[in-house]
Amino acid sequence: MPDPLPSHSRRSVLQAGLTAGLMTLLPQAIWAADSVDLLIERRIPSSARRIPVMGIGTNAFGMAGYDQVRAVLRRMHAMGGKMIDTAADYGESEALIGRALAELNIRDEMFLATKFNSPAGEHFGPLPGSHPPPGFRPPPRGFGPPPGSERLYGQPSFDRSLRRLRTDHVDLIYAHFIGSWEPLLPLMVQLKQQGKARYIGITTASVSEHARLIAAMQSHPIDFVQVDYSIANRDAAASVFPVAVTRKIAVVVDEPLGGLFSSLLGQVNARPLPPWAPELGIHSWSQYLLKYVVSHPAVTCAIPGATKVAHLVDDQLAGHGPLPTAAQRLRMEQYWDARS
């Protein structure tokens, strides 16, 4: 008998079933929107704290001017956004954020996450004197650790982040990249016990590392993972997310609009939004892609990057209003898969 559905549709049906199943496992207070007209928040599974589902990634802040960064963070705060994701590896991002939050006097109202400087061989590019890996493409100017900071690691890296962020604690500290989490875990636990970091976590941005991330999630007490997930990259939904639900680990999605060199918005090719998009509060392709991501019940927050206020506003609006149901998510997947 011929298969009634193409392979990508079968996969979508299975994932829709998994999503619906996760909704039954998660408490209503974790995944549901507070109101169809208001800001959507989710509870951090390991605590009672709630954060908006839409944050901001800042790995491009180093290429933006200070006035741009300040304007973006000011508008984000005005729209109810809280999660700011940065890293020691993101050029001058930490310093720009710290200055802006201090001048705007909003540090205590924001959820500030940063990451340790990466060990040798695990950041945006090879360290001086080392050989780049095959296929390596140099990142744009403003990415990577600031000059002179490459060899800071562990506690010195964290202390430098606090100085640059102009704060005495962060809400979340990650081990940046999967290979660095194990040696850093004792320090992260210590920082949490000292109140220097309220939550600890691990990041990855590669499907090839999901198995290692899952192993860490299953064996160690962490509060957050940051993982790649989008409508075009659904692996984490079937692999990482069920473990996160079972272990009560918050999920922050990086690359919800695609990676640095693979923007999903560039793949739309001027295709119109489906006529039913406004029913979900969707008025742009960015909102379509982001609503899809944060409507997964295991996702706590997504962190699309933005260095312009207009882009920030577009992204943040995806964190307001109704969320797609499991059936609507399947419809979104099918529309996206049929775009070619």
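Buried, on this tour, means under 20% relative accessible area, exposed means over 50%, and partly exposed is in between (1.4 Å probe, protein chains only). This is a predicted model, in which local features need pLDDT of at least 70, side-chain atom pairs count only at pLDDT 80 or more, and totals for chains, interfaces and linings use all residues. Residues are numbered from 1 along each chain as its sequence is written, and side-chain values use heavy atoms, with hydrogens and water left out.

Start by selecting residues 235–247, which make up helix α8. (Helices are DSSP runs of H or I with at least four residues, strands are runs of E with at least two, and both are numbered from the N terminus.) Its buried residues are A236, A237, S239, V240, F241, V243, A244 and V245. Zoom in on F241: α8 bends there by about 35 degrees, and the proline P242 follows within four residues. That bend is the angle between axes fitted to the seven residues ending at a residue and the seven starting there.

Next, pick E255, in the loop between β9 (250–254) and β10 (258–259). E255 isn't a glycine, yet its phi is positive, at about 55 degrees. Is E255 buried or partly exposed? With a relative accessible area of 31%, E255 is partly exposed.

Now jump to R166, in the loop between α5 (155–165) and β6 (170–175). R166 also isn't a glycine, and its phi is positive, near 55 degrees. R166 counts as exposed because its relative accessibility is 52%.

Key: Expected span 1.5 Å × (residues − 1).
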